Amino acid sequence: MPVTINVESVHELRRLDLIARRHHRVAPIALRINRATGTLTGSHRMTGTPTPFGIDESQLSQAIALTTQSPGVRLTGLHLHSVSNNLDAAAHVAFVADSLAYAALIADEHRLTFDTVNVGGGIGVDPTGAAAFDLDEFSRLLPEADMSGPRVVYELGRYLTAEIGWYAAEVIDIKHTHDRTFAVLRGGTHHFRLPAAWGYSHPATVIEREDWPYPWPRPELVNATVDVTGELCTPRDVLARGLHVDRLRIGDILVFDRCGAYGWTISHHDFLNHPHPTFIVL
Ligand SMILES: Cc1ncc(COP(=O)(O)O)c(C=O)c1O
């Protein structure tokens with residue numbers, strides 16, 4: 001499998017050239033472009049808008065010219081990752097087609113042959129389960145591969161991993177303040193920050209546990225609506241608001257599914273130095 005290094009800026013290009021030459025190597029590279037247009041909508045846009053990602057399209061010719069004067073690199077393609085969490089399959093097909101047409105145009109204009117067009121990731125997963133990316137529609141609409149053209153590289157993150165992670169945390173308290181009901185978890189956004197970062201309520205399932213070691217009645221909610229918070233000293237430590245529970249008791253476990261992407265890895269693990277969760281790999 002050939003390795004391609006994606007280059008995000010002219011400075012990165014110069015550094016890579018220098019490093020490669022020092023090691024008497026030639027690095028195959030793809031230039032990551034922040035295109036003016038031809039990008040996708042989705043919750044996190046990275047191109048087609050001002051961001052620190054990629055080389056602005058207006059500077060592409062200059063960057064390509066620099067590759068021709070840089071013996072440590074060989075330009076093999078473009079990298080066009082543009083968005084995260086797109087749920088529209090038809091739009092994703094249009095994006096891939098447009099990316100290939102754009103790469104062909106650039107190759108033509110600069111008399112290059114590209115062997116790679118990286119269309120990035122960005123296929124989405126709705127953590128609430130209300131919507132889903134239609135993979136069948138995506139594969140049905142995708143034009144037949146042109147075997148004589150460049151290799152199309154996808155680098156999916158969320159779509160591959162979101163569904164393979166669960167987060168489970170014990171309810172350590174149930175409280176009522178200012179007319180709202182809270183379930184406090186042994187855990188929180190230091191383990192699973194995605195709902196707080198994105199401002200949505202992550203669904204959860206109650207796993208009942210019968211253990212109750214205390215000599216007073218076990219607090220419980222029946223047919224109730226509850227806000228699920230963590231144990232941190234911030235009101236932003238919220239995983240779900242308005243979660244309906246048939247029954248929830250202190251000592252029960254709440255299980256959050258679809259936590260395999262941008263869950264633990266985007267969380268501030270050591271805020272307040274609470275223990276990290278146990279990881280169980282099945
Ligand atoms: C360059 C690049 N490629 C791929 C991905 C994966 O994106 P996603 O998880 O949306 O598929 C990311 C995520 O930020 C990225 O920055």
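Mentor: One definition comes before anything else. Buried means under 20% relative accessible area, exposed means over 50%, and partly exposed is in between (1.4 Å probe, protein chains only). This is a predicted model: local features need pLDDT of at least 70, side-chain atom pairs count only at pLDDT 80 or more, and totals for chains, interfaces and linings use all residues. Residues are numbered from 1 along each chain as its sequence is written, and side-chain values use heavy atoms, leaving out hydrogens and water.

Trainee: Is leucine 243 buried or exposed?

Mentor: Leucine 243 lies in strand β13. Helices (H or I, at least four residues) and strands (E, at least two) are DSSP runs, numbered from the N terminus. The relative accessible area of leucine 243 is 12%, so this residue counts as buried.

Trainee: How far apart in space are leucine 243 and proline 203?

Mentor: In sequence, 40 residues separate them. From C-alpha to C-alpha, the distance in space is 7.2 Å.

Trainee: How many bridges join β9 to β10?

Mentor: β9 covers residues 167-177 and β10 covers residues 180-185. Threonine 177 has arginine 180 of β10 as its bridge partner. The strands run antiparallel, and the number of bridges is six.

Trainee: Which residues cover the two faces of β14?

Mentor: In a regular strand the side chains alternate between the two faces of the sheet. In β14 (residues 253-256), both faces are covered by buried residues. One side has Ile253 and Val255, and the other has Leu254 and Phe256.

Trainee: How many residues of strand β2 are buried?

Mentor: β2 spans residues 27-34. Three bridges join β2 to the parallel strand β1 (residues 5-7), and valine 7 stands opposite leucine 31. β2 is largely enclosed by the rest of the structure, because the buried residues number seven of the eight.

Trainee: Which residues surround the ligand?

Mentor: A residue counts here if one of its heavy atoms lies within 4 Å of the molecule. By class, the shell has three nonpolar, six polar and three charged residues. Ala, Val, Leu, Ile, Met, Phe, Trp, Tyr, Cys and Pro count as nonpolar, Asp, Glu, Lys and Arg as charged, and the others, Gly among them, as polar. The shell is Arg32, Met46, His79, His81, Ser84, Gly121, Gly122, Glu155, Leu156, Gly157, Arg158 and Tyr262.

Trainee: How far is a polar side-chain atom of tyrosine 262 from an oxygen atom of the ligand?

Mentor: A polar contact is a pair of N or O atoms within 3.5 Å; within protein, one must be able to donate a hydrogen and the other to accept it, and residues adjacent in sequence count only if both atoms are side-chain atoms. Serine 84 uses a polar side-chain atom, 2.8 Å from a ligand oxygen. Arginine 158 uses a backbone N or O atom, also at 2.8 Å. For the side chain of tyrosine 262, the distance is 2.5 Å.

Trainee: What share of the ligand's accessible area does the protein cover?

Mentor: Accessible areas come from the Shrake-Rupley method with a 1.4 Å probe; for residues, only the protein chains shown count as cover. On its own, the ligand has 400 Å² of accessible area. The protein covers 78%.

Trainee: What is the phi of asparagine 85?

Mentor: Most residues other than glycine have a negative phi. Asparagine 85 sits in the loop between β6 (83-84) and α3 (89-109). Its phi is positive, at about 65°.

Key: Two strands pair if DSSP finds at least two bridges between them.
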